[in-house]
Amino acid sequence: KAYNGPKIGGKNILEDFGVSLTSFLVSGQPYSRNLTPTAFGGSGFAGSVNGARLPWNFTVDLNAQKRFPIKISAEKKLWFNAYLRVQNVFNIQNVINVYKYSGDPKNDGFLQSSFGQDRIRTVNISGRDVQSFLDAYSWRLLAPGNYTLPRRIYVGMIMDF
């Protein structure tokens with residue numbers, strides 16, 4: 001009865017409607033850099049423990065919902081709650097993990113090191129295809145756990161009785 005929002009055809013269109021935005025801003029989390037590159041990682045400590053930092057992260061989530069009553073009888077109503085939830089609205093690719101030697105989420109630095117170059121020479125000497133080795137190694141470097149999930153959209157309906 002206290003509704004004073006917009007009306008279309010005598011219907012209170014924003015009645016039982018809600019929208020929320022939630023944003024997260026996280027400063028770079030600490031991690032310990034590695035001194036020696038190894039395949040997909042590293043060993044030893046370069047600098048101090050937790051002396052390096054990941055990049056900052058930022059994300060925005062949206063939640064919108066509208067509740068609709070369905071009259072069953074004079075004293076009973078059935079409620080439907082339609083919702084739309086969007087996580088990571090701006091589809092930001094946040095770095096949440098890096099390779100500890102290189103500090104990069106895409107490259108562990110192993111193949112560029114003297115250890116990696118020795119490994120490539122070993123592959124070449126053994127008669128295997130070096131390009132196939134490099135391709136397979138690159139595919140393994142694409143660790144999906146180094147980034148936040150992309151935008152996800154959920155649409156649903158909840159029934160209350």
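# Exercises on strands, helices and rings

Leu 84 has its place in strand β9; helices (H or I, at least four residues) and strands (E, at least two) are DSSP runs, numbered from the N terminus. The model is predicted, so local features need pLDDT of at least 70 and side-chain atom pairs count only at pLDDT 80 or more, while totals for chains, interfaces and linings use all residues. Residues are numbered from 1 along each chain as its sequence is written, and side-chain values use heavy atoms, with hydrogens and water left out.

**Exercise 1.** State whether Leu 84 counts as buried, partly exposed or exposed, and list the residues that Leu 84 touches.

*Solution.* Step one is the accessibility class: buried means under 20% relative accessible area, exposed over 50%, and partly exposed in between (1.4 Å probe, protein chains only). With 31% relative accessibility, Leu 84 is partly exposed.

Step two concerns contacts, meaning heavy atoms within 4.5 Å. Residues up to four places away in sequence are not counted; Leu 84 then touches Leu 62, Asn 63, Ala 64, Ile 153, Tyr 154 and Val 155.

Step three compares sequence with space: 19 residues separate Leu 84 from Gln 65 along the chain, and their C-alpha atoms are 6.3 Å apart.

**Exercise 2.** Determine how many bridges join strand β3 to strand β8, and how many residues lie between β8 and β9 in their hairpin.

*Solution.* Two strands pair if DSSP finds at least two bridges between them. Strand β3 (residues 17–26) and strand β8 (residues 57–71) run antiparallel and are joined by ten bridges. Within this pairing, Leu 25 faces Phe 58 of β8.

The next step turns to strand β9 (residues 77–87), which pairs with β8 in the antiparallel sense, also over ten bridges. Here Lys 66 has Ala 82 of β9 as its bridge partner. Five residues stand between β8 and β9 in the hairpin that they form.

**Exercise 3.** Describe the surroundings of Asn 57, and name the backbone oxygen that lies by a polar atom of its side chain.

*Solution.* Asn 57 belongs to strand β8. Its relative accessible area is 15%, and Asn 57 is therefore buried. Apart from neighbours within four places in sequence, Asn 57 contacts Phe 24, Leu 25, Val 26, Asn 94, Val 95 and Ile 96. A polar atom of the Asn 57 side chain lies 3.4 Å from the backbone oxygen of Val 95.

**Exercise 4.** Classify the ring pair of Phe 133 and Tyr 137.

*Solution.* A pair of aromatic rings is described by the distance of the centres and the angle of the planes. Rings of Phe, Tyr and Trp (its six-membered ring) pair if their centres lie within 6.5 Å; planes under 30 degrees apart count as stacked, over 60 as edge-to-face and the rest as tilted. The whole structure holds two aromatic pairs. For Phe 133 and Tyr 137, the centres are 6.1 Å apart and the planes stand at 40°, so the pair is tilted. Both residues lie in helix α2, four residues apart, about one turn of the helix. Phe 133 and Tyr 137 form one aromatic cluster with Phe 110.

Key. Polar contact = N/O pair within 3.5 Å; in protein donor to acceptor, adjacent residues only side chain to side chain.
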